[in-house]
Structures are given as structure tokens and as C-alpha cells.
Amino acid sequence: MNKIEIKKSFFKKLGIKSEYFLEEINCDICGNNKKKDFLKKITLSKDKLIEFPYSMCLGCGHLFQKYKFEKQFYKNFYLKYYRNITHNSTKIEPSFFQDQINRGKILYNSLNGILPSSGTMLDVGCSSGGTMVPFIKKNWKCYGNDPDKNYVEYGKSKKLNIDYLSSENMTFKKNFFDLILILGSLEHCYDINKVMSKCSKYSKDKSIIVLEGRGRPKSEAKKFFNFNHHRIFTHNSFELLLLKHGWMPLFSTFKNLSGPTRPNTIFTVGIKNDLLNKKYFQNIIRNGKKDDYTTLKETYLKLNKG
Ligand SMILES: [Zn+2]
């Protein structure tokens with residue numbers, strides 16, 4: 001199917017009548033326009049498949065959705081259509097919030113030795129913000145934001161400092177944070193470069209960043225490649241994204257730094273280095289820091305069979 005057919009078939013499935021603009025995009029990490037199709041069909045919800053191809057960038061090996069709608073589309077999609085497809089409840093369960101607190105506690109301990117004893121922290125896409133609670137108990141000043149109103153309201157009722165907004169629209173002072181957490185929200189972000197350059201501006205030199213993504217190729221590939229994930233990260237693409245925006249990767253791991261309740265995620269931890277520049281980022285890709293098409297494709301094909 002070509003771009004127009006993809007859009008038609010997708011809108012028919014959802015009953016969307018309005019006109020939205022769909023465009024083919026370049027790699028959102030290295031900007032390269034050379035790409036190769038990776039998967040044609042992805043999941044819209046549990047069992048619904050749609051034709052909405054994923055590409056791999058031939059420059060850096062990043063995996064991303066080949067086409068993108070304008071921003072307003074996604075806003076309306078989540079407001080009007082998404083819950084009808086997934087039948088997800090809008091009610092926040094206390095057990096969800098408690099799990100966030102537990103994960104925050106384990107993450108705090110995992111970062112022992114690289115964090116100052118207290119400081120200022122930002123949780124980007126924090127949902128209800130429970131992850132911040134153990135940090136607050138250790139005298140950290142914590143800020144969070146999330147685009148889902150129900151989660152934000154729940155967190156606010158727990159006296160947490162959360163802004164209801166998309167992280168592209170956040171504003172803070174320059175050189176403000178000692179720690180930034182982005183736990184599983186970059187896949188959903190409309191413009192990761194806007195978010196990362198803001199995070200970079202608001203971070204102090206030598207501050208820490210923690211990225212978590214759904215990139216562990218262990219469970220069904222179908223669940224990774226869904227419409228809500230504009231991209232799928234690997235350790236390589238996480239590290240490149242950090243290097244591009246001014247952090248030196250400290251380590252990447254398959255070990256779950258926030259405990260066992262969200263399995264199959266990957267982590268990359270970095271330290272801000274104000275000396276890093278874009279030239280270094282481009283150089284390191286030219287020198288071979290990239291994911292390999294055949295290796296990733298075989299991994300995902302195997303998973304899809306199982
Ligand atoms: Zn790329």
C-alpha cells in the first residue's frame with residue numbers, strides 16, 4: 001500500500017472523517033532520509049492489525065514509524081478514539097500508584113553511587129508521579145509532567161508537583177536539574193528532539209539522565225511495534241540520542257533497574273557533558289555505531305512466530 005491507501009484504510013477502521021496530513025519522515029535520531037522497510041503491519045490494539053510500516057534508518061539503525069500525522073491528529077486520536085479501541089479504564093488504581101513508588105525505590109537504590117545525596121529531579125512523562133515519592137523522602141526536590149489528565153490529577157491529589165502537559169511544552173530554568181528520568185515515555189513522544197534538547201538545556205553539567213524503553217526483544221514483537229510507539233529504542237539508539245543532546249552514556253543494561261514489575265524494558269544511563277558536540281555524534285555513527293538490519297530483523301521475526 002502507498003501512503004494514501006494506508007491513510008484511507010486506517011481512517012476507515014477508526015471511523016475518522018476529518019482530513020489529516022500524513023508525511024514520510026527522516027530518522028529522528030540522525031536525520032538520514034535513507035531507510036529500509038522493517039515491518040509492514042503493526043498493532044493498533046490487542047488484536048487489531050493495521051498497515052503502518054516501520055523503517056530502519058540506514059545511517060544509524062534506528063527503528064521508527066515511516067509515516068507521521070500532524071500533531072493535532074494524535075491529540076484527537078487519544079482523546080476521541082484510543083479508549084474506544086483499547087477499552088482501557090480511565091480510573092487510576094491505588095495499586096498502580098504503589099507500584100510506581102516501589103519502582104522509584106528500587107531505581108533510587110540502583111543509582112546509588114552516581115547520584116548526589118540530594119538535588120533537583122525531573123520525571124518526564126511521570127504519569128501519576130509515584131516514582132518521585134522515594135526521592136522526595138531523601139530530600140530531593142521533584143518535578144514531573146504528563147499529557148494524561150487522569151494520571152496527573154491522581155498524582156496531584158497525593159500532593160505531587162506535576163504539570164499537565166506534553167513534555168515538548170515544558171519550561172524550566174537553565175542548568176536546573178541534577179537528575180532527569182524518562183521512563184518509558186520517549187516511544188510515545190511526538191518530537192523527541194524537542195524534548196531532549198529541552199532536557200539538555202535544563203540539566204546541569206555532570207548531571208545524570210536515566211532512559212527506559214520497551215526495547216527488549218523478548219516478548220511478542222507485536223506488542224513493541226504498535227501504533228502508539230512512534231519508535232522502538234535499542235541500547236544503540238538510546239546511546240546515540242544521548243550523545244546527540246549532550247550526555248555521555250555511562251552504561252546500558254537489560255537488567256531492570258526499577259525492579260521486576262515492568263519486564264522486558266531496557267535502560268541507558270548517561271552523564272551530562274557540556275563539551276560534547278554534534279560533530280562527535282555524527283563521527284561516531286560514521287565510525288560504525290549502528291544497529292544491524294539483519295540481526296534485528298531475525299530477532300523480531302523469531303519472536304513473531306512464537
Ligand atoms: Zn538514523
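Analyst: In this predicted model, the protein chain splits into domain 1, residues 3-90, and domain 2, residues 94-290. Their C-alpha centres are 23 Å apart. To the contact between them, domain 1 gives 20 residues and domain 2 gives 18 residues. On the side of domain 1 that touches domain 2, the elements giving two or more residues are S2, S3, S4 and H2. By type, the residues of this side are twelve nonpolar, six polar and two charged.

In general, strands of a sheet pair through backbone hydrogen bonds, in either a parallel or an antiparallel way. Within this sheet, strand S3 (residues 49-57) and strand S4 (residues 63-65) run antiparallel and are joined by three bridges. In that pairing, Met 56 is found opposite Leu 63 of S4.

The remaining element on this side is helix H2, which covers residues 71-86 and includes Gln 72. Gln 72 counts as exposed because 11 other C-beta atoms lie within 10 Å, and the cut-off for exposed is 12 or fewer. Between the C-alpha atoms of Gln 72 and Phe 21 the separation is 9.7 Å, although the two residues are 51 residues apart along the chain.

Helix H1 (residues 3-14) has twelve residues, which at 1.5 Å a residue should span 16 Å; the C-alpha atoms at its ends are 17 Å apart, so the two values agree.

As background, the protein chain has ten helices and 13 strands. A compact globule of 306 residues would have a radius of gyration near 19 Å, and the protein chain has 19 Å, so the chain agrees with that rule. Along the principal axes, the C-alpha atoms fill a box of roughly 55 × 50 × 35 Å. Of the 306 residues, 38% are buried. Among contacts in the protein chain with a separation of 6 or more, 68% are between residues 24 or more positions apart.

Definitions and conventions:
Residues numbered from 1 in each chain as written. Predicted model: local features only at pLDDT ≥ 70, side-chain atom pairs only at ≥ 80, totals over all residues. Pairing = 2+ DSSP bridges. Helix = DSSP H or I, 4+ residues; strand = E, 2+ residues; numbered from the N terminus. Buried ≥ 20, exposed ≤ 12 C-beta atoms within 10 Å, placed from the backbone. Expected span 1.5 Å × (residues − 1). Rg over C-alpha atoms; globule rule 2.2 N^0.38 Å. Contact = placed C-beta atoms within 7 Å. Domains from an automatic or database assignment. Nonpolar A, V, L, I, M, F, W, Y, C, P; charged D, E, K, R; others polar.
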